[in-house]
Amino acid sequence: MRRPIVSQRICAISHGFHARQIRSQSTISKRLSIIASPKATQGQVLNELKKQHAQHEALEADGVAILASKDFTTWLDDQNFMSAFLKTLFKPTSTVQANRPCLHVLSGVTDDLSPRRLCDEPRSGFSVLRGPVDSILPQLWEKESFSGPSQDSAACVSFMANPLAGNTDALEVTLPLANTVFQNGRRSTLSASRWDIASYGLMAPDTTYPKTAQLIKANESSVTHTSSIVPLLPLTPPRRIVAGLGNIVRQVEVDGSPTPASKELEAIIPKIFEERAQHEPASTPGPIGVWCWVIPPHIRPEKFNDLKLFKAGSSQAETDVVLDSVELFSDLLSSGCRLHKILSGGGGWGLKQGLLSLDPETRFPLPGQDDDMEMFIRSFTERNSAEPTSGLAAPGSSLLFCVEPQMTKVEALSSHLRVPKETLAFGVSRSLDYKPTRSPHAKPVDIIDGHFGISSATGLFLRTSTGFMGADNKNGMRGAPQGPFTTKVDVPGAYFYV
């Protein structure tokens, strides 16, 4: 029988993340999130926003980013709603109106708003960031970021965030926007618009251009670090890659011997299905997402001495193992370890026995780019390098195999790893066919001041560059020069917050 989660231990983990942070109120921008039921009306949203902003002075800013969940895609194209929404947000007065002849607006559609805690239900509504347009939306009107009249490609927004905990380098987080083909006929919805402020504060659209990408700076004056929660269930200790090329792993070292890369997974995955069926007989088994951390040679093996693994028949719940691994996985990201989903593998014979195919994507591909092919070509030139920069399956690196955990509703509610209310947060949504269960007693509209948080079903793309790391440091690195670091985090329920 599963033993219950120990709330005190979870609180201690959560406190450990927050204790490393020193918060300071940003004077550059103002954030708020409007949590709204998909059945909420425009009147309900505007009325709640008016009540919230009646307590605040008018904000003398000329820029705003508005990211809506898919439920409200059509509202962004409704000029009457947007005019009333912007007027309520900015409360134009004669003084403010004279200093701000127009508003610069970035609007887009994301899959969801970020959840409140680990494995919580996704939320719908709007997240809003206001401030000086040149500060929060640099190069908003740069023509290179506009999409052409015949171009209908995936769009993204990128955020300049603070360094990961334990790191000193600035972090850029890119979120692919939602696929809105079934909402408005467009692959993605992202646009820049200019709104004139007419008499009595009325807002009228002047110019609108569709965009493919936009950088957002939302936290310039904060001195906190970016914390990460990547909920994965570790299955094996790190296994050194013996043979592999590009994104294909052929052999890993297990107990000193070369072994087909998929052999351990083929033995463990059926046991996970059996274990879950015993604990949750009513649940319907489905496919299990499998990931692996690619660990460069400069990471010291002592880092994994306390790593807890899934063991069939153990009394320890999956959730407990996951929570014990949260801080280690945060350190792996800070140390330059990449995360890859395993796309396929297993079976076969001869030289093809036990191959594993890793997702090669580490950067969001903008139109005209082919990063996957570039990385594959680079893997050939670096196949004999001791410190490969491609992040693919280079011999000498190690793989730590993990799966997506199964958490019951009780365990999810017991988790105290909450995202602070006043925060900047980015998350990974559940799968596209996931249907959330929303409480019938929840308020139709709720305003969270100081919060900005969105989620993407595709995942998050992280990019940073690290300099030379000196001798040993607290991240367990042996001191090796590092190149630009990029990775994709697409584990459902993962989130990053500042």
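Visitor: Let me start with one residue I clicked on: does F426 count as buried or exposed?
Guide: F426 counts as buried, because its relative accessibility is 0%. The cut-off for buried is under 20% relative accessible area. Keep in mind that this is a predicted model.

Visitor: Okay, and which ring does F426 pair with?
Guide: With F159: the two ring centres are 4.8 Å apart and the planes meet at 45°, so the pair is tilted. The pair links distant parts of the chain, since F159 is in strand β6 and F426 is in strand β20, 267 residues apart. F159 is buried as well, with a relative accessible area of 0%.

Visitor: How many aromatic pairs are there in the structure?
Guide: There are 15. Another one is F81 with F126, a tilted pair with 6.1 Å from centre to centre and 35° between the planes. F81 belongs to helix α4 and F126 to strand β5, 45 residues apart in the chain. Both of these residues are buried.

Visitor: Which cluster do the ring pairs make there?
Guide: Ring pairs link F72, W75, F81, F85 and F126 into a cluster.

Visitor: What sits over the ring of W141?
Guide: That's the charged end of R194, 4.3 Å from the centre of the W141 ring.

Visitor: Let's zoom out. How many helices and strands does the protein have?
Guide: It has 11 helices and 25 strands. Of the 498 residues, 52% are buried. The protein exposes about 22100 Å², and carbon and sulfur atoms supply 53% of that.

Visitor: In what order do the seven strands of the open sheet come?
Guide: The order is β9-β8-β3-β2-β5-β1-β21, and the pairing is mixed. From one strand to the next, the twist averages 20°.

Visitor: Which strands stand at the edges, and why is one side of each left without a neighbour?
Guide: Those are β9 (203-210) and β21 (445-449); each has a single partner strand, so one side of each has no neighbour in the sheet.

Visitor: How do β1 and β21 pair?
Guide: They pair in the antiparallel sense, over five bridges, with β1 covering residues 30-36. In general, strands of a sheet pair through backbone hydrogen bonds, either parallel or antiparallel.

Visitor: Which strands does helix α2 lie across?
Guide: Helix α2 (residues 42-53) lies across β1, β5 and β21, and it runs at about 35° to β21. Helix α4 (residues 79-90) lies across β1, β2, β3, β5, β8 and β9, at about 125° to β2.

Visitor: New topic: which two strands form a hairpin with two residues between them?
Guide: That's β13 and β14, and G246 in the turn has a positive phi of about 65°. Four bridges join β13 to β14 (residues 248-254), and the two run antiparallel. L245 stands opposite I248 in β14.

Visitor: How many bridges join β13 to β19?
Guide: Two, and those strands also run antiparallel: β13 is residues 239-245 and β19 is residues 398-403. There, R240 stands opposite S398 in β19.

Visitor: Last one: among contacts between residues at least 6 apart in sequence, what share join residues at least 24 apart?
Guide: It's 81%.

Key
Residues numbered from 1 in each chain as written. Predicted model: local features only at pLDDT ≥ 70, side-chain atom pairs only at ≥ 80, totals over all residues. Heavy atoms only, no water. Pairing = 2+ DSSP bridges. Axes fitted to C-alpha atoms, helices over the stretch in contact; angles between N-to-C directions. Contact = heavy atoms within 4.5 Å. Phe/Tyr/Trp six-rings, centres within 6.5 Å; stacked < 30°, edge-to-face > 60°. Buried < 20%, exposed > 50% of the residue type's maximum accessible area, 1.4 Å probe, protein only. Lys NZ or Arg CZ within 6 Å of the ring centre and 35° of its normal. Areas by Shrake-Rupley, 256 points an atom, 1.4 Å probe, with all protein chains shown as cover.
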